[in-house]
Amino acid sequence: MILEYIIIFVYSVSLLLIFMYSLAQLNLLINYLKAKKKEDNSEKFDFNNADEIPYITIQLPVYNELYVMKRLLKNIAKLEYPREKLEIQVLDDSTDESVITTAKHIKKIQELGIDIQHIQRTNRKGFKAGALKEGLITAKGEFIAIFDADFLPQKDWLYQTVPYFKDDNIGVVQTRWGHINRNYSTLTKIQAFALDAHFTLEQVGRNSKGHFINFNGTAGVWRKECIYDAGNWEGDTLTEDLDLSYRAQLKNWKFKYLENVETPAELPVVISAARSQQFRWNKGGAENFQKMMRRVITSKNVPFRTKIHSLLHLLNSSMFTCIFLVAVLSIPMLYIKNEYAHLKNYFYVMSFFIVSSIIFFICYWHMYKNIYGSGIKNFFKYIGAFFTFFSIAMGFSLHNTIAVLEGHFGKKSEFVRTPKFNIKTIKDGWKNNKYIKKKPSIHVVLEGILALYFVFGMYSAFIVGNEGGDFGLFPFHFMLFIGFSYVFFKSIFSKA
């Protein structure tokens with residue numbers, strides 16, 4: 001009986017934490033809807049006055065980007081801005097032949113009269129954070145725009161973002177990510193779904209109320225003074241962008257988020273790449289919770305509501321641990337429910353937590369219709385997209401839980417870059433990409449076992465109870481089976 005009560009306790013706490021997180025998301029939705037009705041009256045530089053146009057440095061941190069460097073440099077060279085007030089730093093930590101081809105592309109751009117430098121380090125100390133920090137030493141710009149190798153800003157991107165720094169309190173201007181290969185596959189669609197929720201509800205919902213948001217590592221601009229005031233880039237977590245964002249906002253710097261400025265980028269098209277990216281983001285989130293939790297709580301200049309939202313923000317990735325625990329324990333709970341009649345009322349209360357799923361459904365619908373439009377046809381498409389996303393997200397829960405636990409317990413690991421593919425259509429190939437991880441991890445075997453475990457969960461629905469079964473958790477177990485099966489088979493067969 002003791003084991004049963006332990007299972008009930010862990011299951012209940014996990015459900016409660018998920019419910020609390022869903023309420024925070026609902027609050028962000030309310031903030032988002034209110035913000036959409038407001039006009040933006042921010043101060044801006046007058047770029048008709050040449051004296052107000054500041055010097056800009058564009059930093060391009062790259063590492064072994066053989067397939068996208070030409071596209072990246074060609075795109076960046078087209079950015080509209082006075083050449084006498086613009087420099088480009090290619091912060092190249094590459095260790096392969098891409099160094100040679102990148103140098104050739106840079107030379108061609110230099111011949112056009114553009115100030116672009118090829119900066120190389122002898123080691124990868126600090127990884128991306130280290131490269132950005134080193135580039136900052138020689139950066140001429142008052143403001144630093146940063147783009148990862150797969151991002152393709154529009155020509156007028158600097159004119160849409162830099163003017164907001166007229167306000168001396170603004171430390172960062174961040175733009176919304178777009179997805180050039182959103183509809184490439186189911187994998188890219190569910191990644192886009194998750195990122196769209198972050199870049200609409202979460203970023204706008206927090207920013208509109210003055211709560212902490214994060215620079216997303218790319219497609220944004222920093223005030224150089226803000227970077228130095230916050231303590232500069234640090235490489236002790238896997239998400240250096242989140243780290244510096246919090247240190248800056250704790251120093252009272254304000255962030256400006258521009259939902260209407262879209263910066264297109266490429267989503268990972270093979271699951272090994274998506275897994276490495278998810279692992280880095282989730283582990284980095286947990287690392288930053290450990291690093292920033294005390295600073296946020298004890299800060300005297302941060303309002304209480306902002307502290308709550310900040311802690312929940314830093315715990316975003318940790319929700320996967322709760323999801324994983326609820327999933328695994330749901331099958332024993334099915335048997336406990338039907339074995340102990342005196343706990344009947346408790347299970348009625350627990351069923352209330354289906355409200356969490358309804359809240360997520362409502363929140364994500366507003367995100368979806370903002371991008372695709374409303375109407376019955378799009379609503380039914382959304383239903384399919386929501387359940388596909390939810391199922392596969394749960395299929396990643398073991399993988400992401402391991403990342404989160406490593407982050408909380410301080411296990412250090414190397415910054416693993418996400419391989420880029422330069423892919424837009426299904427006709428483009430990727431299997432010969434030299435950067436793809438060839439061997440799936442041992443975690444994939446466990447995901448296959450979990451898929452079978454939830455088959456057992458569906459079977460259990462038919463055999464428990466005295467009245468012909470208990471099918472309350474059947475849809476949940478079916479979604480888990482689909483999610484873990486998808487992740488397992490994709491990880492086994494989608495490799496070069």
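The model is predicted: local features need pLDDT of at least 70, side-chain atom pairs count only at pLDDT 80 or more, and totals for chains, interfaces and linings use all residues. Residues are numbered from 1 along each chain as its sequence is written, and side-chain values use heavy atoms, with hydrogens and water left out. Helices (H or I, at least four residues) and strands (E, at least two) are DSSP runs, numbered from the N terminus.

Now take residues 314–335. This span is 82% helix and 0% strand. Its end C-alpha atoms are 35 Å apart.

Next, move to helix H7. Asp 229 sits in this helix. Its relative accessible area is 34%, so Asp 229 is partly exposed. The classes are buried (under 20% relative accessible area), exposed (over 50%) and partly exposed (in between), with a 1.4 Å probe and protein chains only. Asp 229 touches Lys 251 and Trp 253, not counting residues up to four places away in sequence. Contact means heavy atoms within 4.5 Å. Tyr 382 is 153 residues from Asp 229 in sequence and 44 Å away in space, C-alpha to C-alpha.

Asn 232 lies in the loop between helix H7 (224–229) and helix H8 (240–250). Asn 232 counts as buried because its relative accessibility is 10%. Leaving aside neighbours within four places in sequence, Asn 232 contacts Lys 133, Leu 136, Ile 227, Leu 244 and Arg 247.
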